[in-house]
Amino acid sequence: MADGRWRRAGSALLSVIVVWAVSTLTMLVLAGLLPDFQLQSADGESITRTALTAAWGAGAFGLLSALVWPLVVRALLLVPALVLGLLVFFLNGSLLLIALRLIPDGRGDAAPETAVVVAAVMSAVASATSTALAVRDDNAYRRRLSRLASRRRRRAGKAAGGGADGACCPGMIFLQLDGVGHEVLLRAAKDGVMPTVAEWIDGTHRLTPWRTDWSSQTGASQLGILHGSNHDVPAFRWYEKDTGRIMVSNRPASAVELQRRAVAHTGDAGLLTVDGASRGNLFSGGAEQVALVLSVSTRRGRANRSRAGYFAYFSDPANAVRTALSFGAEVCREIRQSTRARLRGDTPRVGRGGLYPFIRAFATVVERDVVVAAVIGDMLAGRTAVYADLVAYDEVAHHSGPHSRDAVQVLESLDRSLALIAKAAEHAPRGYRIVLLSDHGQSPGETFDGAYGLSLKDLVRAGCGLPVSRRAERSKCGAEARDAAGDALRSALHRRLEDGESDPAADPAAGSDPIVLASGNLALISFPDVPGRLSREQIEARHPALLSTLANHPGIGFLLVRSEEHGSVVLGAGGVEVPIAELTDDGPLAVFGEGAAAAVRRTDSFPHVADIMVNSMYDPETGRVHAFEEQIGSHGGLGGEQSQAFLLSPMEVSDPLTGIDGIDGTDLDRAAAVSDAGHGHGAYGTELVGAEQVHRVLRRWLRECEGPQVPIAPASAPTPAPAPDAADPA
């Protein structure tokens, strides 16, 4: 308590000093602009002495305004409003003239009419500065929310009798902390970084880890959580041969199509179809109330535009000032942090220049503020279910590292946002249960390019005998791959001449360049000139050295390809080859942990799985992986903390592990028994696996209120989302 009082006192003192400094500067500027306003004697004085005079004048004016103005207003309460409005300027000018007379040596002077102008400008600037300082204070923000809640309750009471129905049925708030893994959350709570989360874990909530699919990224996880299916989402980016398009989960056209496919696959519009709201997500979840939702951003109509959330938020000037100041501070913070990292020689490190400081500030400030305000508005409106995504940590961890001090500071900020939402729930017209969850974690490690001197694309091209960059040619891996490709190609051509083969797909000189797409430490390689999924035999006939070059590279953990003889197979270093039907969590997948085989087997069944699926190496001792893109904190494949997400649920709802089962008959091993000691799983002895199972848990919690909150089967087929306006060409 004492520490809190000292902090409040220090904050108030700092606000006074800032307002005083801004008022002093304003007075100096006005003295330079207005001929009848002076702060120095006729013979001139030094800049320092003039500045001291301005400080005296600004301080005296502020003190008089604080002490005298309330008394004057009280004395003039009986004066008509119009007359009082005119008197305000006169009285303000009079206070300024008195303040100038109080300056030592009488150096300040102003004509009466000029004093009125100066006083009006200084009062406006001081008011704006005080407002800016106040709106950055969470306590002031909470007071504003309390007043807003009171007004909304009064309106709701007049319109609907006070909302008694909502009071007997609590709503659900699902808050997704993008990229925050289970271990990161535990560490942040233990170290005091996230006191709100620590309080929930220790008392009111139950923490449950859950394991992601092979594609451990927001597109797959959120689609499965909100729509109940992430079938045929092999990665964050992938190439579809049947349409000739590159699908990217965070592109509007792709998000529209992915949501349409999920709805068609499940026959259900989504988790939020009954009085739901979707905020800051890739997908709508079937909600009618949407803001900053990518899959509806291309729709026409004012209510459905993704930008509507911005307009609603920034229409409040206090919100605009609060966020603008925080945005500028975050840009400066990123520049300072990246400069320090460069000067210290931190490794691993990726480039953080260009537009990145502004991109980071958008994710950590603008998106956070807009989404938090939208969630609070939903609670004050009494909505039944809200799902919101806070992406700040994920963005910073990609470039600074998931365990960096930069990322820890973002967690502190997110915890304050959680506390603000929890506080606002106290003013809502109905009770709310807040569920905290993540879509994946992040694994640290140097990039593949940084570790080996060439990108995966260059390695693939070298293994195919295609031209590569000079930098890749000079690298050891690139030179070895090109030499091996040359030898293998000559040998293959010699065999073909002897055997008289004529398969076009096996022609080493035929076809276009391979398409290599990275999704964190998972990469997909496709040969667009051949329809369907190429077999291992076809790939080796076209590019004899490619598969062995990739499988034996120290930065690659394993490959998945289709074999004409054995079905799909997993390839590892040293000639290891395991048919998918015989795949277990041992062998080439041993280091990737339990459930890796099931995750790979499920992805292999997708229609749009790539010709070659590549997962980077993983070091279980250090937790390192190698991202195939410019990220030192990555996710998207198997290996380490990226696959361990969390679910933090209130004790009032049922245990997440009650009655869970596999998604379908072919995935029984996705619900295999595991040892849950230390994870708070009680005696159920099962693990939550896959985003689709998380969806089932959330649906169950919504039904646990009075009556089903999510329709088990819609009365009619849902209206599919509009098709993408344009294809994304390869």
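Seven aromatic pairs turn up in the structure, which is a predicted model. Take Phe327 and Phe358: their ring centres sit 6.4 Å apart and their planes meet at 35 degrees, so this pair is tilted. Phe327 belongs to helix α12 (residues 317-344) and Phe358 to helix α13 (residues 356-381), so the pair ties together parts that are 31 residues apart in sequence. Phe327 has 23% relative accessibility and counts as partly exposed. Phe358 is partly exposed too, at 43% relative accessibility. Elsewhere, ring pairs join Trp214, Phe558, Phe592 and Tyr618 into a cluster.

Trp214 comes up again in the largest nonpolar core. That core has 59 residues, and those touching the most other members are Phe174, Trp214, Val600, Leu647, Leu698 and Trp701. Helix α23 (residues 691-703) is the top contributor here, giving six residues to the core. As for Trp214 itself, once neighbours within four places in sequence are set aside, its contacts are Leu522, Phe558, Leu560, Ala599, Val600, Thr603, Met613, Asn615, Gly636, Gly637 and Leu638. In soluble globular proteins, nonpolar side chains tend to be buried together.

Helix α10 (residues 252-266) is worth a look of its own. Its 15 residues reach 21 Å from the first C-alpha to the last, close to the 21 Å expected at 1.5 Å a residue. Buried residues in α10 are Ala253, Ser254, Ala255, Val256, Glu257, Leu258, Gln259, Ala262 and Val263. Their cover includes α9 (218-227) along with the strands β5 (237-240) and β6 (245-248). After α10 comes Gly267, with a positive phi near 75 degrees.

Zooming out, the protein has 23 helices and 22 strands. Of its 730 residues, 53% count as buried. Among contacts between residues at least 6 apart in sequence, 71% join residues at least 24 apart. The accessible surface comes to about 31900 Å², with 57% of it belonging to carbon and sulfur atoms.

How values were computed: Residues numbered from 1 in each chain as written. Predicted model: local features only at pLDDT ≥ 70, side-chain atom pairs only at ≥ 80, totals over all residues. Heavy atoms only, no water. Helix = DSSP H or I, 4+ residues; strand = E, 2+ residues; numbered from the N terminus. Buried < 20%, exposed > 50% of the residue type's maximum accessible area, 1.4 Å probe, protein only. Contact = heavy atoms within 4.5 Å. Areas by Shrake-Rupley, 256 points an atom, 1.4 Å probe, with all protein chains shown as cover. Phe/Tyr/Trp six-rings, centres within 6.5 Å; stacked < 30°, edge-to-face > 60°. Expected span 1.5 Å × (residues − 1). Core = buried A, V, L, I, M, F, W, Y, C linked by side-chain atoms within 4.5 Å.
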